Amino acid sequence: MLLIPINRSSDIPLIRQIYQYIREQILNGSLKSGDKLPSTRELSSNLNVSRNVTLSAYDQLMAEGFIVTRKGSGTFIAEGTYLRNDKGYLHTDISVQDNEIECNNIINFRSGIPALDFFPRKTWAKLSNIICYESSSSIFGYGVPEGRIELREVISQYLYKTRRVFCQPEQIIITTGAVQALALVSKLLLSPEDEVLIEDPITNDIQKMFKSSGASLYPIPVDDNGIRTNLLPTNKKPKFIFFTPSHQFPLGGTLPAQRQIQLINYARKVDSYLVEDDYDSEFRYEHCPVSSIQGLAPERVLYIGSFSKILSPALRMGYLILPMHLVKECRKVKHYLDLHTPSLDQLILAQFITKGHLERHILRMKRIYKKRRDYLIAQLKETFSESINISGYSTGLHLIVEFKKVEFTKDMIQYILRKYDVKIYLVEDHTIEKGKHLNKVILGYGHLSEDEIKEGINRLYKALKDAT
């Protein structure tokens, strides 16, 4: 008798439960080639289910080649359907491996997350409705890899107005977030044995992406004013220099004009590109956003931007601006990656910018983020007094706290998370040359309310008092 466990309260249909059980027994060898299965009438009686259920389950197994019927004899397990289990492979639940522990009580000071509850839903929904109903049916077809011309035109105008970026719409590639823009740069410019000059520290994921091409990284230290151009090597021929001049990640410095010019002159001398990552410069609190380096040397700079921190990471909308001679090849690479970025979202975003909604949203969010930043700084000073230094807070959604008498380890961070439900992030995790930033943490605040900020700093104080 074939004993199949049936769960009648499960969301999985009975047909699927029977099919899956028999399939698994065949694959693992419990049911062997040539073994005879009970008739559908017998099995339905044993399981107390309709015969149509067992017929459908058998039909599915037969369609996939797991069983065969022999006229007048019955139903049998087909030849060649046993799959040996690879003992070297351990199936694990991804959620167990995930470093991010999901818990509503955790206060997470992750950087780069905007205040999602302030996303302009009504405006976005209204524009979406208009575009869906009033646009030509052609918008539902395949698009071009470089993106909709409507969006590329408004981005070109917007960036010239706000960041002094000089480009034509033809130089813009619309990407599925800044991550894809970085991937395009890597695929376009890097080959094994190439070398990249890169800020240190810099986002760990970016390091991994460039190294995955086979290139090697040559770290250039940063200080309060960004990448230290006096340390650029004279004996290197890098493919490009990667940097975040308007708000260095993670330390927060802004590259002054003198260093910008030194960097451009260096790139011209060694015939290298400059990759400028402008990830959150819109939120500069004391002054207007600084002008781009791209505007000073458009023939030399690849400029990356994103709407993830301005609006929402869920949009997955970014852009890459290239020197004209790289555009054709980059369009090919983009085509091979994903054909094109979703067209409807591009058109909605184009209208959102054209009608002034983006600038109004940024102005509103700057006020909110500045208030949260100031509140975080006040809480840090009140709680930790003279035992800390705070830096990197002129722009963006995070700041840096340097503790004068604490050196953090990953074990300490995990202890603080598990015992006190507060998650903080180490600058050291983003370094190439280790050991220089052991006492610094990154605190993101854009997505946290003042109550959450206060509670998070109180928990951090208790945790450090306990751990040290």
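The stops below say what to select and what is there.

**Before you start.** This is a predicted model: local features need pLDDT of at least 70, side-chain atom pairs count only at pLDDT 80 or more, and totals for chains, interfaces and linings use all residues. Residues are numbered from 1 along each chain as its sequence is written, and side-chain values use heavy atoms, with hydrogens and water left out.

**Stop 1: the whole chain.** Show the C-alpha trace. Along its principal axes it spans about 90 × 60 × 50 Å. Switch to cartoon. There are 14 helices and 17 strands (DSSP runs numbered from the N terminus: H or I of at least four residues for helices, E of at least two for strands). Of the 468 residues, 50% are buried (under 20% relative accessible area, with a 1.4 Å probe and protein chains only; exposed is over 50%, partly exposed in between).

Now think about contacts (heavy atoms within 4.5 Å). Among those between residues at least 6 apart in sequence, 72% join residues at least 24 apart.

**Stop 2: the largest pocket.** Select Arg110, Ser111, Thr203, Asp205 and His430. Of the 39 lining residues, these lie nearest the centre of the largest pocket. Helices α7 (177-189), α8 (204-211) and α13 (410-420) and strand β16 (425-426) are the elements that give two or more residues to the lining. Which of them gives the largest share? Colour α8: five lining residues come from this helix.

The pocket volume is about 1400 Å³, the space filled by probe spheres set on grid points joined across faces, edges and corners. A pocket here is an open set of points on a 1 Å grid over the protein atoms alone, where a 1.4 Å probe fits, with protein on both sides within 12 Å along at least five of seven lines; lining residues have an atom within 4 Å of a point.

**Stop 3: glutamine 180.** Stay with helix α7 and select glutamine 180. Buried or exposed? Glutamine 180 counts as buried because its relative accessible area is 11%. Beyond four places in sequence, glutamine 180 touches Thr175, Lys334, Leu337, Asp338 and Thr341. Draw a C-alpha distance to leucine 337: 8.9 Å, across 157 residues of chain.

**Stop 4: leucine 251.** Go to the loop between β9 (240-243) and α9 (257-270), where leucine 251 lies. Leucine 251 is buried too, at 13% relative accessibility. Setting aside neighbours within four places, show its contacts: Pro201, Val222, Gly392, Ile400, Val427 and His437.
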